[in-house]
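This briefing goes through one protein model by topic. Please keep the sequence and the structure in view while reading.

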Amino acid sequence: MNLGVIDIVNLFINRLALGFMAIAFISQYIGIFKKEDRYFRLAKPLIMCALVIGTIQTVIYFYFLSLLRNGIPNFWILMNKLQPGVIGFSMDFLLAFLVLGAIYYAGFDRKGEGKHQGWNLFIGIIAFLAGFTSDVFYTITESYTMSPTPKTAIRTPMVLLLIIEKNIEIFALAGALLAIWAGIRYIIASKQEDKEFCDWLGSFASIITVMFLVTYPIVYFGWFKHFRAASNIGFDRIMLGKYQWIMYTFLGTLGSSLILQYIYMLSKLINGRDK
C-alpha cells in the first residue's frame with residue numbers, strides 16, 4: 001500500500017483521538033462547574049471513542065514505520081541520525097496516552113458526583129498532553145521532508161506552523177464529525193429527551209468547529225509562505241502541478257464547511273434550539 005495513503009489515514013485518526021479526548025475533558029470541566037448532566041453524558045462516550053481510535057492508530061503507526069524502514073531505508077537512517085529517539089519518543093507518548101486514557105475512563109463518574117472528579121479530570125488532561133506530545137515528535141519527523149536542509153528542519157518556521165495547524169485541526173475535525181453525528185442522531189431519535197440532547201450537542205460542536213476553522217486561512221497562509229521559500233519546487237507541484245486538485249478540494253471544502261456552519265448557527269439564532 002502507498003506510504004502516503006497510510007500516513008494520511010494515520011494522521012486523520014490521530015486528530016480524531018486527540019480531538020475527542022480534548023472535548024471530553026473540556027465537557028467534564030464545564031459539567032463540574034455548571035452541574036449539568038448533559039456534559040457528563042457527552043464526555044464518557046468520547047473518552048471511549050478516543051481510546052478505540054487511538055488503539056487503531058497505534059497498529060497503523062507500527063505498520064507505517066515498518067514500511068518506511070524497509071521501503072526507504074536511507075531516509076530512515078538519516079532521520080535517526082539527525083534526531084535520535086524521535087520515533088521512539090513518539091511511540092512512548094502514544095502508549096502513555098492510551099494507558100492514561102484508560103485510567104481516565106475507568107475513574108469517570110457519569111453522574112458527576114464522585115469525590116475525586118478533580119483528579120480524574122487532571123488525568124484526562126495529562127492523557128491529552130501525552131497524545132499531543134507524541135504528535136509533536138511525529139511532526140518533527142515530517143519536517144525532514146519539507147526543508148531543503150534536513151539538518152535545520154526542526155528549526156524552520158514550518159515546524160511551528162505545522163504544530164499550530166494540528167492544534168486547530170484537532171478541534172475542528174472532531175467538532176465537525178461530532179456535529180454530523182448529533183444531526184443524524186437527532187433525525188432518528190424518538191424520545192424528546194434525546195432530541196433535546198442531540199440538538200444541544202449539535203450547537204455545542206458547531207461552536208467548537210467554527211472557532212477553530214476561522215483561523216485556518218491565516219495559519220495556512222503563513223505555512224504556504226514558508227513552504228514556498230524553503231522548497232519552491234515542492235510548492236509548485238502542489239499549487240501548479242498535477243496535485244493542485246488536492247489543494248482546490250481542500251480550499252473548497254473548507255469554505256463550504258464555514259458557510260454551512262454559519263447558516264446552521266444563524267438558523268439557531270432565529271429559530272432557537274429544542275427546549
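What is the mean pLDDT of the protein chain, and what share of its residues reach 70 or more? This is a predicted model; the mean pLDDT of the chain is 79, and 84% of its residues reach 70 or more. By element, confidence is lowest in helix α3 (residues 73–82), at a mean of 67, and highest in α4, at 88.

**Nonpolar cores**

- The largest nonpolar core has 54 residues, and those with the most contacts inside it are Leu 42 and Phe 97.
- Two or more residues of this core come from each of α1 (3–34), α2 (37–71), α4 (86–106), α5 (117–143), α6 (157–188) and α7 (192–213).
- Helix α2 gives the most to this core, with 14 residues.
- Setting aside residues up to four places away in sequence, Phe 97 touches Ala 17, Leu 18, Met 21, Ala 50, Gly 54, Ala 127, Phe 128, Ala 130 and Gly 131.
- A second, separate core has 15 residues, including Leu 161, Leu 162, Leu 213 and Trp 223.

- Arg 15 is placed in helix α1. Its relative accessible area is 2%, which is under the 20% limit, so Arg 15 counts as buried.
- Not counting residues up to four places away in sequence, Arg 15 touches Asp 135, Lys 166, Glu 169, Ile 170 and Leu 173.
- Lys 44 belongs to helix α2. Apart from neighbours within four places in sequence, its contacts are Tyr 105, Phe 108 and Arg 110.
- Lys 44 and Tyr 105 are 61 residues apart in sequence, while their C-alpha atoms are 6.8 Å apart in space.

**Cysteines**

- The disulfide count comes to zero.
- Cys 49 is partly exposed, at 35% relative accessibility, whereas Cys 198 is buried, at 3%.

**Aromatic pairs and cluster**

- The structure holds 13 aromatic pairs. One of them is the tilted pair of Tyr 29 and Phe 33, with 4.9 Å centre to centre and 55° between the planes.
- Both Tyr 29 and Phe 33 lie in helix α1, four residues apart, which is about one turn of the helix.
- Tyr 29 has a relative accessible area of 46% and is partly exposed. Phe 33 has 60%, over the 50% limit, and therefore counts as exposed.
- The ring centres of Phe 93 and Phe 137 are 5.9 Å apart, and the planes meet at 20°; planes under 30 degrees apart count as stacked, so this pair is stacked.
- This pair links distant parts of the chain, as Phe 93 is in helix α4 and Phe 137 in helix α5, 44 residues apart.
- Phe 93 is partly exposed at 31% relative accessibility, but Phe 137 is buried at 19%.
- One aromatic cluster is formed by Tyr 39, Phe 197, Trp 200 and Phe 204.

**Charges over rings**

- Where does the charged end of Arg 41 sit? The charged end is over the ring of Phe 197, 4.0 Å from its centre. Phe 197 is also one of the residues in the aromatic cluster.
- Lys 195 lies over the face of Tyr 186, at 4.6 Å from the ring centre.

Terms used: Residues are numbered from 1 along each chain as its sequence is written. This is a predicted model: local features need pLDDT of at least 70, side-chain atom pairs count only at pLDDT 80 or more; totals for chains, interfaces and linings use all residues. Side-chain values use heavy atoms; hydrogens and water are left out. A nonpolar core is a set of buried Ala, Val, Leu, Ile, Met, Phe, Trp, Tyr and Cys residues joined through side-chain atoms within 4.5 Å. Buried means under 20% relative accessible area, exposed over 50%, partly exposed in between (1.4 Å probe, protein chains only). Contact means heavy atoms within 4.5 Å. A disulfide is a pair of cysteine sulfur atoms within 2.5 Å. pLDDT is the predictor's confidence in each residue, from 0 to 100. Rings of Phe, Tyr and Trp (its six-membered ring) pair if their centres lie within 6.5 Å; planes under 30 degrees apart count as stacked, over 60 as edge-to-face and the rest as tilted. A charge sits over a ring if NZ of Lys or CZ of Arg is within 6 Å of the ring centre and within 35 degrees of the ring normal.
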